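Thanks for passing this one along. Here are a few notes to read with the coordinates open.

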Amino acid sequence: MKMIWMAVGPLEANCYILPAPAGKTVLVDPGDDAERIGEELDKNGLTPAWILLTHGHHDHIGAVRALKARYPQVKVAIGSGDVELLNDTAKSLPFANLPKEEFLQEDMALKEGDEIVEGNLSFQVVETPGHTKGGVCYICRCLGEAEKLLFTGDTLFEGEIGRCDLYGGDYTAMLDSLRKLAALSGEYHVYPGHGGDTTLDRERRVNLYMKDAVYHADFD
């Protein structure tokens with residue numbers, strides 16, 4: 001599956017650009033560097049149809065307003081539990097110290113099982129609270145291809161998980177989310193919100209947080 005992968009902003013959040021037919025594309029977590037993202041899109045003859053956000057922290061949504069102004073037709077989707085973070089800097093990372101007008105309204109508030117389809121690409125929503133109240137992951141499939149991608153935001157990293165001590169964070173919810181991801185059937189190529197990519201099978205085997213979550217589920 002073709003994809004453009006960029007680390008953006010001072011926290012080097014991962015932004016993913018997934019081209020669809022007819023010059024359309026889907027962006028996952030454009031957190032900063034809107035101009036650089038726009039230049040990459042224009043260079044490849046792409047126009048964004050959707051911006052899919054894994055959660056509402058500013059390092060993952062910081063370029064949304066500028067991209068929406070540049071491409072007015074683009075639709076913005078975020079987990080329903082994180083809608084409030086789009087318009088409240090105190091909740092969207094207090095240390096970002098940004099004005100309220102940096103934020104905007106969503107076009108779609110997502111819930112478990114929702115599906116976004118653009119051309120031959122489909123994105124299925126998996127609710128994964130823990131890092132935030134409304135965090136979601138996206139299972140991405142391309143028609144005619146066997147590979148499955150999993151965009152995990154700050155829920156699951158290579159060998160790590162996201163912090164749970166900011167607004168809306170909940171470690172117990174995070175463990176439930178890790179169990180849900182571990183239980184997904186089959187193999188997935190995992191693309192997290194920061195750092196390198198991995199696979200779900202590898203994280204099932206070596207990620208101590210995921211292993212602990214699954215282990216304790218056996219005794220609940």
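1. C140 is buried, with a relative accessible area of 0%. C142 counts as buried too, at 7% relative accessibility. Keep in mind that this is a predicted model.

2. The disulfide count is zero.

3. On the aromatic side, a search of the whole structure turns up five aromatic pairs. One of them joins Y16 and F151 in a tilted arrangement, with 5.0 Å from centre to centre and 55° between the planes. This pair links distant parts of the chain: Y16 sits in strand β2 (residues 13–19) and F151 in strand β10 (residues 148–153), 135 residues apart.

4. Both partners of that pair are worth a look in your viewer. Y16 is buried, at 2% relative accessible area, and F151 is buried at 0%. Together with W5 and Y191, they form one aromatic cluster.

5. Helix α4 (residues 171–182) has a length that checks out: at 1.5 Å a residue, its 12 residues should span 16 Å, and the end C-alpha atoms are 16 Å apart. D170 caps the N-terminal end, with a side-chain oxygen 2.9 Å from the backbone nitrogen of T172.

6. Which residues of α4 are buried? They are A173, M174, L175, S177, L178, R179, L181 and A182.

Note on methods:
Residues numbered from 1 in each chain as written. Predicted model: local features only at pLDDT ≥ 70, side-chain atom pairs only at ≥ 80, totals over all residues. Heavy atoms only, no water. Phe/Tyr/Trp six-rings, centres within 6.5 Å; stacked < 30°, edge-to-face > 60°. Helix = DSSP H or I, 4+ residues; strand = E, 2+ residues; numbered from the N terminus. Buried < 20%, exposed > 50% of the residue type's maximum accessible area, 1.4 Å probe, protein only. Expected span 1.5 Å × (residues − 1). Polar contact = N/O pair within 3.5 Å; in protein donor to acceptor, adjacent residues only side chain to side chain. Disulfide = S-S within 2.5 Å.
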